[in-house]
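Okay, thanks for making time, everyone.

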Amino acid sequence: MKTLVIGSESRLHAFMEGVGARWQPDLWLYPSSIAPGWNYYDIIVDLEADERPSPAFSVLSKAFWVFSAVKKPLRLLLPHPSWKGRCVGANLLPLFCQREVLEVSALSEEAWQYFHSWEPKSLRVPDVVGLVSARILALILNEALLLMGEAALSLETIDTAVKLGLNYPRTISEWGAGVGWRHILEILEALQEDYGAATYPIAPYLRTLALSHPTFGI
Amino acid sequence: MKVLILGAGTMGRGIAELFAAHAIPVELYDPNEAARLRVQELSEKYPNILQIHSTLPRTIDHTVVIEAVPEDFDLKRQVFGGIEAYLSPEVIVATNTSALSVHGLSQGLSYKGRFIGWHFFNPPTRLPLVEVIPTQHTASQVVEQSLAILRSVGKVPVIAPDLPGFIVNRVARPYYVEALRLVERGDVSPEVVDQLMEGLGFRMGPFRLMDLIGIDVNHAVTQRVWEGLFYPGRFRPSWLQAQKVAAGHLGRKVGQGFYSYEK
């Protein structure tokens, strides 16, 4: 399968350290003045489709598309129901795309079967904000920051407690830096939009971290 | 230094072994004969260091008393009231609660200034963290002594607020609650959630971990944190988890939880 992956430099870099290493795709730095030959590819992956308009909907291509669909569900990304059979959503955020398994949402059995036969290390999950693992992780990080604010604790203390008491593979700070605090905030904002602030309050310090550690393209 | 531990269950036993392994004299008290028998091997492993008793000493002049009875507010209160008459004035009294209010447990006691939370993690001999939870009444000297004692047995103590779930059980809640919420709606299976979280480096996915901890225990902690924080929607306990508890599917300990286990 001829595969193309489009995204910003840092996202392409993170992707190629994970799933990309086994797909060996062509890469296109987006946006770039020189457009690729869209029709040449069987599969096109857009690493930032849930963050800006995807070129998928403005070019002529017969490819099967894989859209990043964490901050916005796949069903809200598509301009027309006819797309359901020729695309899937996936968690392509840093760290998550560096796992062995790929987390994928699909709006039709046909699309899921097509993608899964090409990438057997994929697991189908519901088409909801954050999919599964980014949703759970974002809420853990947010909870740690909510507690920090309530109890005047340092992030260092919480990191120690989480690492030594829960045996988590990374501390809160390490998860946030690895995924990108901006992404964590944007997942929380999307959850809040769907379910309300009473169910998903956002820690004020999360906003501070997202602004003070701008992850730019990441 | 010498230590008195009240309760010879899983945590009491582990804490007793921790101190005994550092050659610190330990007395382990439990009125339940079956519980005492289960820890008998410890007194053989640490002769002259670890003693098991069925009755409380008439004078409690130990450096610290560590309460490790089941996580039941009334039972713990009864234990603290019961030792009051025998306590020497300098003894520190620590409760190994995982989510109950330390302040609430200390109310009405004459030794509130020496009362503090020491939350160990299971198994206490291996996991280094201890949450140290002072109340508004705890003397600063008791906090300092607590930190020193715990460090002397190789622990990493962190001072935690007396809020529901302290630090660890609070921060960990979304790992269970949100995973349950996704599965409750029938959108995804426990197996898939576990595979995805383990793929991120977590040693056990949330459902495998709940089975190990005990679904009833995990549910009770969520319930307490939810109530203690005045019912925030994000911690609303799961009906799926409540049904598992009602059905007796409590996890590995009974052979059936979110997964089935051969007994």
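So, 47% of the 218 residues of chain A count as buried. And before I go further, keep in mind that this is a predicted model. In terms of secondary structure, chain A has nine helices and seven strands. Its radius of gyration comes out at 18 Å, close to the 17 Å from the globule rule for 218 residues, so chain A is as compact as a globular protein of that length. If you like boxes, the C-alpha atoms of chain A fill one of roughly 55 × 35 × 30 Å along the principal axes. And if you take the contacts in chain A between residues at least 6 apart in sequence, 50% of them join residues at least 24 apart.

Okay, how does chain A meet chain B? The contact draws 35 residues from chain A and 34 residues from chain B. On the chain A side, the elements giving two or more residues are α5, residues 133-151, and α6, residues 155-165. Of the elements there, α5(A) gives the most, with ten residues. Sorted by class, that side of chain A has 22 nonpolar, six polar and seven charged residues.

Now chain B itself. The domain assignment divides chain B into domain 1, 3-159, and domain 2, 172-254. The centres of those two domains, taken over C-alpha atoms, are separated by 29 Å.

Let me zoom in on a helix pair in chain B. Two packed helices are described by the angle between their axes and the distance between the axes. For α8(B), residues 173-184, and α12(B), residues 239-247, the axes come within 8 Å and cross at roughly 90°. The two helices are therefore roughly perpendicular to each other. Who's touching whom? From α8(B) we've got B:Leu180, B:Val183 and B:Glu184, and they meet B:Trp239, B:Leu240 and B:Gln241 in α12(B). By class, that's four nonpolar, one polar and one charged residues in the contact.

Last stop, α10(B), residues 206-213. Why call this helix largely enclosed by the rest of the structure? Well, seven of the eight residues of α10(B) are buried, so that's where the description comes from. The buried set is B:Pro206, B:Phe207, B:Arg208, B:Leu209, B:Met210, B:Asp211 and B:Ile213; note that B:Arg208 and B:Asp211 are on that list. The cover over these residues includes α8, α9 (190-199) and α11 (215-228) of chain B. And just after α10(B), B:Gly214 takes a positive phi of about 110°.

How values were computed
Residues are numbered from 1 along each chain as its sequence is written. Chains are lettered from A and ligands numbered from 1 in the order in which they are written. This is a predicted model: local features need pLDDT of at least 70, side-chain atom pairs count only at pLDDT 80 or more; totals for chains, interfaces and linings use all residues. Axes are lines fitted to C-alpha atoms, for helices over the stretch in contact, and angles run from 0 to 180 degrees between N-to-C directions. Helices (H or I, at least four residues) and strands (E, at least two) are DSSP runs, numbered from the N terminus. Angles under 35 degrees count as roughly parallel, over 145 as roughly antiparallel, 65 to 115 as roughly perpendicular and the rest as oblique. Two residues are in contact if their C-beta atoms, placed from the backbone, lie within 7 Å. Ala, Val, Leu, Ile, Met, Phe, Trp, Tyr, Cys and Pro count as nonpolar, Asp, Glu, Lys and Arg as charged, and the others, Gly among them, as polar. The radius of gyration is taken over C-alpha atoms; the globule rule is 2.2 Å times the number of residues to the power 0.38. A residue is buried if 20 or more other C-beta atoms lie within 10 Å of its own, exposed if 12 or fewer, and partly exposed in between; C-beta atoms are placed from the backbone. Domain bounds come from an automatic or database domain assignment.
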